[in-house]
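My entries follow the display.

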Amino acid sequence: MGQLALGKAGLLAEFQALSRPEGQAMRILDVDGTVLRDWQPRPDDRANPEIDRGQLRDLLLGPLDVQWGRGVTEVEPGTRDGVLVRFADGRQETFDLVVGADGAWSRVRPAVSSATPHYTGVTLVETSLDDVDTRHPDLVRLIGDGSMAVYGVNRALVAQRNSGGHVKVYAQFRAPLDWHTDLDRHMGLNRRAGLDLADVEAVRSSLLALFDGWAAPVLDLLRHGTAFVHRPLYVLPVSHTWTHVPGVTLLGDAAHLMPPLGVGANLAMLEGAELAESVAVSPGPTDLDEAVRAFEEQMWARAGRWAKITAAGLERLVSPDPTEALALFDEIQSS
Ligand SMILES: Cc1cc2nc3c(=O)[nH]c(=O)nc-3n(C[C@H](O)[C@H](O)[C@H](O)COP(=O)(O)OP(=O)(O)OC[C@H]3O[C@@H](n4cnc5c(N)ncnc54)[C@H](O)[C@@H]3O)c2cc1C
């Protein structure tokens with residue numbers, strides 16, 4: 001889906017130059033460090049290449065005139081001059097069409113829908129390692145060229161190679177949203193005090209306790225991680241739709257926030273391209289509205305399907321039964 005969008009934007013060749021087809025490799029280990037699966041892409045496989053987030057953003061935004069630092073606070077449809085947008089700097093402007101592509105906590109969404117994201121029960125804590133080829137050759141061998149994942153009971157550790165010797169690591173676990181306020185009560189760890197999420201060493205040692213008993217090389221991913229970023233996973237209701245509001249629409253996470261199983265950025269890009277195509281061929285305001293309605297119908301149908309798939313996927317990936325994760329990957333590989 002992402003490559004389709006990049007093709008429509010005339011950016012496919014630049015994408016291919018930056019992307020990493022070898023990043024499609026996927027290795028699964030058990031908590032003892034035994035390799036259970038080791039998938040390698042075929043040399044000509046370009047179906048799901050990886051690209052670093054920053055590179056993709058630069059590729060997409062490079063040709064555009066972006067006004068940075070102009071946060072939107074509110075959107076009011078139906079004014080005499082069109083849709084009114086209020087900015088954090090106190091300014092306001094009206095537009096024929098406002099597209100809320102402003103992510104999970106969209107300020108545009110309330111103009112069309114009262115839905116708000118809810119917590120999935122799964123939290124990620126993200127960390128990263130730099131210069132791995134020189135500093136952590138053992139971890140390079142452990143991870144391989146793409147991603148490596150270890151699934152335990154209600155826990156998972158995922159590491160992904162990025163370019164430039166950078167590795168992203170995600171510790172994932174089922175926990176109440178306020179898990180860090182009382183590690184003893186919420187996580188069964190023998191620690192009374194609450195965890196300060198800004199305290200790197202305290203987070204590291206709590207994560208190591210949470211993953212206690214896992215193979216030492218796997219835990220090295222946490223031991224060598226630099227900063228830790230707390231990412232509780234929120235989602236919008238599956239099949240989120242709204243009554244069409246002339247002049248305002250949503251796309252991407254603002255419209256259909258779902259668990260991060262490799263789809264959200266791809267969907268957002270394809271939707272952006274499709275909306276642009278429909279708007280570009282609509283000559284007048286009535287046609288513009290019709291074009292947006294048609295776009296919304298198409299987006300809702302496709303995103304609804306993916307929201308169901310990713311919600312079911314998250315249940316199986318961070319599950320009381322770790323064999324579910326392996327079964328899910330086997331199903332994906334054989335489909
Ligand atoms: C850990 C993790 C891993 C992921 N991995 C993948 C993956 O491998 N593949 C994949 O396809 N997806 C992945 N995703 C999902 C993907 O990141 C999102 O679905 C995608 O970024 C959504 O794009 P978006 O443009 O809708 O929203 P965002 O990327 O959230 O962009 C929203 C933009 O709006 C801006 N904004 C927010 N509020 C305002 C405001 N009030 N005023 C002005 N601007 C505002 C923000 O600064 C931001 O630039 C992952 C997500 C996570 C958390």
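**Basis.** I worked from a predicted model, in which local features need pLDDT of at least 70 and side-chain atom pairs count only at pLDDT 80 or more, while totals for chains, interfaces and linings use all residues. Residues are numbered from 1 along each chain as its sequence is written, and side-chain values use heavy atoms, with hydrogens and water left out.

**α10 and α11.** I looked up helix α10 (residues 264-280) and helix α11 (residues 285-317), which pack at about 160 degrees with axes 9 Å apart. Helices here are DSSP runs (H or I, at least four residues); axes are lines fitted to C-alpha atoms over the stretch in contact, with angles from 0 to 180 degrees between N-to-C directions. The angle makes α10 roughly antiparallel to α11 (over 145 degrees). Residues in contact (heavy atoms within 4.5 Å) include Leu 267 and Leu 270 of α10 and Phe 295 and Trp 306 of α11.

**α7 and α8.** I found that the axes of helix α7 (residues 200-210) and helix α8 (residues 216-223) come within 10 Å and cross at roughly 160 degrees. That makes α7 roughly antiparallel to α8. Arg 204, Leu 207 and Leu 208 of α7 meet Leu 219, Leu 222 and Arg 223 of α8.

**Ligand.** I noted 18 residues around the ligand (a heavy atom within 4 Å), of which Arg 53, Val 72, Asp 253, Ala 265 and Asn 266 come nearest. A polar side-chain atom of Asn 266 lies 2.9 Å from a ligand oxygen atom. For polar backbone atoms, I recorded 3.4 Å from Gly 264 to an oxygen atom of the ligand and 3.5 Å from Val 263 to an oxygen atom of the ligand.

How values were computed: Helix = DSSP H or I, 4+ residues; strand = E, 2+ residues; numbered from the N terminus. Parallel < 35°, antiparallel > 145°, perpendicular 65-115°, else oblique. Polar contact = N/O pair within 3.5 Å; in protein donor to acceptor, adjacent residues only side chain to side chain.
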